[in-house]
There are 2 protein chains.
Amino acid sequence: MTTLDLTPVADQTIRKQILTRLMPLIVSGKLEPGQRLREQDLAKHLGVSRAPLREAIRDLVDVGLLVSVPYKGVHVRHIGRKDLEELYSLRVALEQLAFRECWAKRSPAALADLKARNETLSQTIKAGSDGTRAIEQELHLHSWCYELSGHSLLLQAWERMKPNLHLYFSLHQHAHGRRGPLRQAHDLYLRHACGDDLDAMLAHLEDHMRQGLETTLGLFEAAAAS
Amino acid sequence: MTTLDLTPVADQTIRKQILTRLMPLIVSGKLEPGQRLREQDLAKHLGVSRAPLREAIRDLVDVGLLVSVPYKGVHVRHIGRKDLEELYSLRVALEQLAFRECWAKRSPAALADLKARNETLSQTIKAGSDGTRAIEQELHLHSWCYELSGHSLLLQAWERMKPNLHLYFSLHQHAHGRRGPLRQAHDLYLRHACGDDLDAMLAHLEDHMRQGLETTLGLFEAAAAS
DNA sequence: GATCATAAGATTGTCGACAAAAATCTATCT
DNA sequence: AGATAGATTTTTGTCGACAATCTTATGATC
């Protein structure tokens, strides 16, 4: 039961098929921000009718990956300085809440799970080849506290934010060669998460995020072109 | 230019018309929780086709007012003890962030706006006739910090949560005669919001919410049936 | 009487086409 | 050349019908 990694049986509904094809294209940055998406063209290319495509697009607009300008069309979202600040400030608030809620629920099994996620991530970073996978695994690592919290609303909010972070990391990675995640920072994160000082964990989140934000924020002045 | 309260010109798109008719019915509690909604029946009753109705229903499912059970149908959501706890804990986190973000932006005009919202609410509560309006105005009062924060993601999260709070207040109001909002609590809220101590405001949010939650939480053991 | 298979019903997903609204383009006129 | 009016294109919303999937009800067999 080790490598039971067979393909997802094929999504049954066309709308989900479209989603699982469009989502990676967007969050990976292959469709660059500002890229317009024409319903008709896409429908023909994908060989589907407009109905399920429309729904899939609405899903993507809802999570914020696509922007819909009335009677102009939909395009891949931009991530500017303000967007990034909002993303990070909200994320701090959510992740702090997640740790407060999950703190008492950290069973040995749960902690083992966390360490496993971190280990997988470290391996991928060390390998250094697949940047996309590293991003996914970093997000998966941070999903831990939300899942463990058992707070469905909170988890929902996180799931909504996640694709946007994914997109940003991809853009950042393309623009400046370096892999987004640093091993070092994650080790500290892990240590706090496994420790006994909740306040230290909360403070770490605030510091870690602020630091990461300020680091990448300076790069915006160079590349931003609206 | 005082009573320029003419009707909203009629929503142009059918989907929005359906939303503006269904939403109040749900959040007011007129459609009680568990009530099933059949697409075909509704479509006939409203005199529209299924397409825009489907989209409207999806909107309501997205915000959480409706629950969609695959191949069983959609029904109005229940609000149990856990749901309420999630709603409140998330709300505290969001509203604290909102106050942090808006704290420096509190201009005299903004504060006047806040006081006006509180005044309107107080009047309605004192009149004591229209419970629904009191709920709406209470939510409008709390929207102030989100709007002022200029944090679009945060505002979006609040707007998503709002209808659920509205629904809960309505249910609470129907079950136990009393109006949800208490004047007293709002005065304290206002005083802190206009004051100079951000930490006091944040602490008040935590206390106020926890208190309101615990007060209403006890009532669940009596009425819950599911 | 219980179990399984079949049929009926309901829900959801999908399609193709049409209509309305806005934006864009074009051509004409001053 | 600039501006305005009309025509075309694009996007969006809407409709009615059909197919697929699942649930539930019905009935037959052991």
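The exercises that follow are about a predicted model, and each one comes with a worked solution.

**Exercise 1. Find the residues of chain B that touch chain A, and say which elements they come from.**

Step 1. Start with the count: 13 residues of chain B are in contact with 13 residues of chain A.

Step 2. Next, look for the elements that give two or more residues to this side of chain B. They are helix H4 (81–102) and helix H7 (152–175) of chain B.

Step 3. Ask which element gives the most. That is H4(B), with seven residues.

Step 4. Finally, sort the side of chain B that touches chain A by class: eight residues are nonpolar, three are polar and two are charged.

**Exercise 2. Work out how chain B is related to chain A.**

Step 1. Superpose chain B on chain A. A rotation of 180° does this, with 0.0 Å of shift along its axis and an RMSD of 0.0 Å.

Step 2. Name the relation: this is a two-fold axis.

Step 3. Now locate the axis from chain B. B:Ala93 has the C-alpha nearest to the axis in that chain, at 3.1 Å.

Step 4. Compare the contact residues of the two copies. Of those in chain B, 100% recur in chain A, and the same surface serves both copies.

**Exercise 3. Describe the surroundings of DNA strand C and then those of DNA strand D.**

Step 1. Around DNA strand C there are 18 residues, and A:Ile14, A:Arg15, A:Ser49, A:Ala51 and A:Pro52 come nearest.

Step 2. From chain A they are helix H1 (14–27) and helix H3 (50–63), and from chain B they are helix H2 (39–46) and strand E3 (73–76). H3(A) gives the most, with three residues.

Step 3. By class, the surface near DNA strand C has eight nonpolar, five polar and five charged residues.

Step 4. Turn to DNA strand D, which 17 residues surround; the closest are B:Ile14, B:Arg15, B:Ser49, B:Ala51 and B:Pro52.

Step 5. Here helix H2 (39–46) and E3 of chain A, along with helix H1 (14–27) and H3 of chain B, each supply at least two residues. H3(B) gives the most to the surface near DNA strand D, with three residues.

Step 6. The surface near DNA strand D divides into eight nonpolar, five polar and four charged residues.

**Exercise 4. Give the strand order of the open sheet in chain A, and say which strands stand at the edges.**

Step 1. Read off the order of the three strands: E1-E3-E2, with antiparallel pairing.

Step 2. Look for strands with a single partner. Strand E1 (36–37) and strand E2 (66–69) of chain A each have one, so one side of each is left without a neighbour in the sheet.

Step 3. Follow one pairing in detail. E2(A) and strand E3 (residues 73–76) of chain A pair over four bridges, and A:Val67 stands opposite A:His75 in E3(A).

**Exercise 5. Decide whether B:Val63 is buried, exposed or partly exposed.**

Step 1. Count 16 other C-beta atoms within 10 Å of B:Val63. A buried residue would need 20 or more, and an exposed one 12 or fewer, so B:Val63 is partly exposed.

Step 2. Beyond its neighbours within four places in sequence, B:Val63 is in contact with B:Arg160 and B:Pro163.

Key
Residues numbered from 1 in each chain as written. Chains lettered and ligands numbered in written order. Predicted model: local features only at pLDDT ≥ 70, side-chain atom pairs only at ≥ 80, totals over all residues. Contact = placed C-beta atoms within 7 Å. Nonpolar A, V, L, I, M, F, W, Y, C, P; charged D, E, K, R; others polar. Least-squares fit on C-alpha atoms with pLDDT ≥ 70 in both. Near = placed C-beta within 6 Å. Pairing = 2+ DSSP bridges.
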